[in-house]
Amino acid sequence: MAARRAAGLWVVPLAVAAAALWPLSATFVSPTAMPAALVAAGAVAATVARPAYGIALALALAPFINTVVGGSPAKPVQLIVPALAFGVLVYVALVRREPLRAERSRTLTVAVVGFGAAALLVSAQALEPSQSVNKLVLIATAIALYLGVRLACRERADMTVIVAGALAGMLAASVQGIALHFAGTFSEQGFVSGGEVVGRVQGSFGHPNLYAGYLAVLVPVAVAVLATRDFGGAMRWLAAAALALAVPAVYWSYARGALVGLIAGALVWFAVTRPRWAIATVVVLVAGAVALAPSTLRERFDPETSGGDIQLRSDIWNAAFEIYGDHPVLGVGVNNFSTAYEELPATAANASQRRLLHQDQLLVPPHPQSQYLQALSEGGIVGVAALAGLIAAALIALVRAARAAGPRIRALGAGLAVGFMGMLVHGLVEVPLTTETSVPLFALLALCGVALDREDAGYEPV
């Protein structure tokens, strides 16, 4: 008792010291320096007390990795998220108890680590190795979070905290998109509808399609949490808020691929697990799309207005095959598609002219507009094999999680399975896996693996 009283006496002088230091730090450093230091200290203390809090914070910040602060090119979250991921991994590796024996999730872990190893291997001989650094850091961050979850997640409370972090990131990203819409801050990737330019929101992502892809992966997870009473009232309210705000955020992104992927993922999952639900889902979705979809969104799916996009994607896809033909084994390196595209002749081998920008400069796409062609052109046979292994292992783990004994892991497995399969469909026309989406995806995959291993070890199902 005396020790507690002595510890409590330090609170007053610490508060006085903080109040005295804030004006000095604001004058000589920055007005935000002291609050930022206090927040960082609180985050470190919470992570030391329960490492799952550090993982949850990284997941909540993940959609803001590319956020520019203060009008400068600085992106502080781009440093904070990897620092949290690797910091938690090192910490739990040093203080962890005897880990659970990996039974059903061993293949998933090998596939995740193999995916990162393949990315590192192909980038070691990239056309421009410096172009691969940022993507490699992002992939390494996602893998570090995967491994951190496997080591840190010990109790039901840990699982709840990590899922809450993913939903908090979804909620924050949705709020950002809605705020940008009403502020009139849109992406450069707009489109013309009814003779007017329609703006699209993209949050802190590089493109509206990638922003919507991030939300679309987590929407089924939010639905699953909301429908599972075992998660508790607070978690279900968080899921409800994130889901309610994600709907307008996805709509104002006008991302066709993400919407089609989300619907297709649900249909495939129900067709495999509950065929009757699949039929009902088709009827409801078709009726809702015809009756409720605003005219602006319906116009985005009009073949007459999207013909130019299809032709442009076709040109880029052909270029991806040409790049693969020149580098079939290891590809051109992660994030080096644009570098390789610039080196291609202006006239393709099939005599089709490559697209020009303003009839002057060659239009250079940042990626091949397809997750699978990105793996083929940037990673060659090695990249395709690593991607195929990751997809197969993830699907097996998610199906097993959806059939597990615990209600929480069943809900998480089913929700993430729908989001993951939707991402695979979206990956036909975009590259969601190698964006910030990989951070919550890998962390939630790790949760499924941990829950399966707990059941194998005889622990209470979660």
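Trainee: Which residues are in contact with Asp-158, leaving aside its neighbours within four places in sequence?

Mentor: They are Arg-50, Ala-52, Ala-152 and Cys-153, where contact means heavy atoms within 4.5 Å. The model is a predicted one, in which local features need pLDDT of at least 70, side-chain atom pairs count only at pLDDT 80 or more, and totals for chains, interfaces and linings use all residues. Residues are numbered from 1 along each chain as its sequence is written, and side-chain values use heavy atoms, with hydrogens and water left out.

Trainee: Why is Asp-158 called buried?

Mentor: Buried means under 20% relative accessible area, exposed over 50%, and partly exposed in between, with a 1.4 Å probe and protein chains only. Asp-158 has a relative accessible area of 3%, and therefore counts as buried. Of the 462 residues of the protein, 47% fall in the buried class.

Trainee: What makes the pairing of the Asp-158 and Arg-50 side chains a polar contact?

Mentor: The term requires a pair of N or O atoms within 3.5 Å; within protein, one must be able to donate a hydrogen and the other to accept it, and residues adjacent in sequence count only if both atoms are side-chain atoms. The side chains of Asp-158 and Arg-50 make such a contact at 2.6 Å.

Trainee: What makes a set of residues a nonpolar core?

Mentor: Its members are buried Ala, Val, Leu, Ile, Met, Phe, Trp, Tyr and Cys residues joined through side-chain atoms within 4.5 Å. The largest such core has 113 residues, and Val-163, Met-170, Phe-442, Leu-444 and Leu-447 touch the most other members. Helix H9 (residues 208–226) gives the largest share of this core, 13 residues; a helix is a DSSP run of H or I with at least four residues, numbered from the N terminus.

Trainee: How many cavities of 30 Å³ or more are there, and why are they called cavities?

Mentor: There are 4. A cavity is a set of points, on a 1 Å grid over the protein atoms alone, where a 1.4 Å probe fits but cannot get out; lining residues have an atom within 4 Å of a point. The largest cavity holds about 200 Å³, a volume being the space filled by probe spheres set on the points, which are joined across faces, edges and corners. Among its 14 lining residues, Phe-115, Ala-119, Val-334, Ala-375 and Gly-383 are the closest to its centre.

Notes:
1 Å grid on protein atoms, 1.4 Å probe; cavity = no way out; pocket = protein on both sides within 12 Å on 5 of 7 lines; lining within 4 Å. Helix = DSSP H or I, 4+ residues; strand = E, 2+ residues; numbered from the N terminus.
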